[in-house]
Amino acid sequence: MDLELRHLRVLCAIADSGSVGRAAAAIGASQPATSTQLRRIERYLGAVVFDRTAAGVVPTTFGAEVLAAAREVLSRVDRLGQAAAPDGERPHRELRLTTDCPALLPGTLARARQLRPELRFTLARGRDAEPPVDLALLLDHPGSGLRATPALAARAVATEPVFVALPTGHPLRHHAEPALADLAGEHWLLPAADGASWPALLRAACEAASFAPAGVRELPCGRREVLDLVAAGLGAALVPGSTAPVPGVSVKPLLGTPLWLRYVLLWQRATIGPGLADTLFGAAAAAYRELAAEAPHLHSWAGRTFRPPRT
């Protein structure tokens, strides 16, 4: 067979949904037909693209490379279609979006509009905005149950560890990776503006470590304001590993990495096609990489955690 654009879209649909069955429902095909098509694509490529697990499918190392190339091809084809229209006839696309991870939003929108100048964005409040939004950039945690549906596509932009933010004069300031149990006496300050359900995450992690937190307060503000309170010595905070340094605050990984977060891009399939979705996803991924590059504590943790074995 010849590899066609529709085959690339099938691969992306399977990767985005994490299941051949869910991908089949999303593209309007039967599961047996989609499974057969996947086997044919893998025979054409000469290697397995997805590992099959009890929970669904995950890309192999080779598959991740194939998917990156497929998304780039689809994005380029979509941009070619836009470029083919005369400038005066090029429609302006206005997308309603919502977010609960504002740190990632400016970079995402700036890159998206560089690639697609015709795009316009309006910001809605909350995950359940009415009318429904076209696009959402959300912060949640693995295992939250957030999945793609026939109407709604979902793709994880990045997954990262949760770190702890402490005042720079804290007794544990010399510990490279304090244990969560070492912080049993802390008063925790958590931002309500971040959408990661911080209190529930913290209490579950503390319960797993066999203690209850001394105090938990969710504040009606954003992460930067919470970090200012941490710097003032009013408590500790949980923060994404990519959080930028703040004067007066020491950001440290937790021993054993008990908590993780992920940034997720969601969009309505009816209003955002595969090519535009790839553009938006690429913009969000680039914005995350820039955000993470400004977090030296994340690089130090990654260097220790993922150091290759000596030979």
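These legends accompany close-up views of one predicted model. Local features need pLDDT of at least 70, side-chain atom pairs count only at pLDDT 80 or more, and totals for chains, interfaces and linings use all residues. Residues are numbered from 1 along each chain as its sequence is written, and side-chain values use heavy atoms, with hydrogens and water left out.

**View 1. Arg52 and Glu42 form a salt bridge.** The closest N and O atoms are 3.2 Å apart. A salt bridge is a side-chain nitrogen of Lys or Arg within 4 Å of a carboxyl oxygen of Asp or Glu. Arg52 lies in strand β1 (residues 50–53) and Glu42 in helix α3, so the pair ties together parts 10 residues apart in sequence. Helices (H or I, at least four residues) and strands (E, at least two) are DSSP runs, numbered from the N terminus. Glu42 is buried at 10% relative accessibility; Arg52 is partly exposed at 47%. Buried means under 20% relative accessible area, exposed over 50%, partly exposed in between (1.4 Å probe, protein chains only).

**View 2. Asp278 and Arg71 form a salt bridge.** Their closest N and O atoms are 3.9 Å apart. The pair links distant parts of the chain: Asp278 sits in helix α8 (residues 274–293), Arg71 in helix α4 (residues 61–83), 207 residues apart. Asp278 is buried, at 7% relative accessibility. Arg71 is buried too, at 14%.

**View 3. Glu290 meets Arg111 in a salt bridge.** The N to O distance is 2.8 Å. Glu290 lies in helix α8 and Arg111 in helix α5 (residues 105–115), so the pair ties together parts 179 residues apart in sequence. Glu290 is partly exposed, at 46% relative accessibility.
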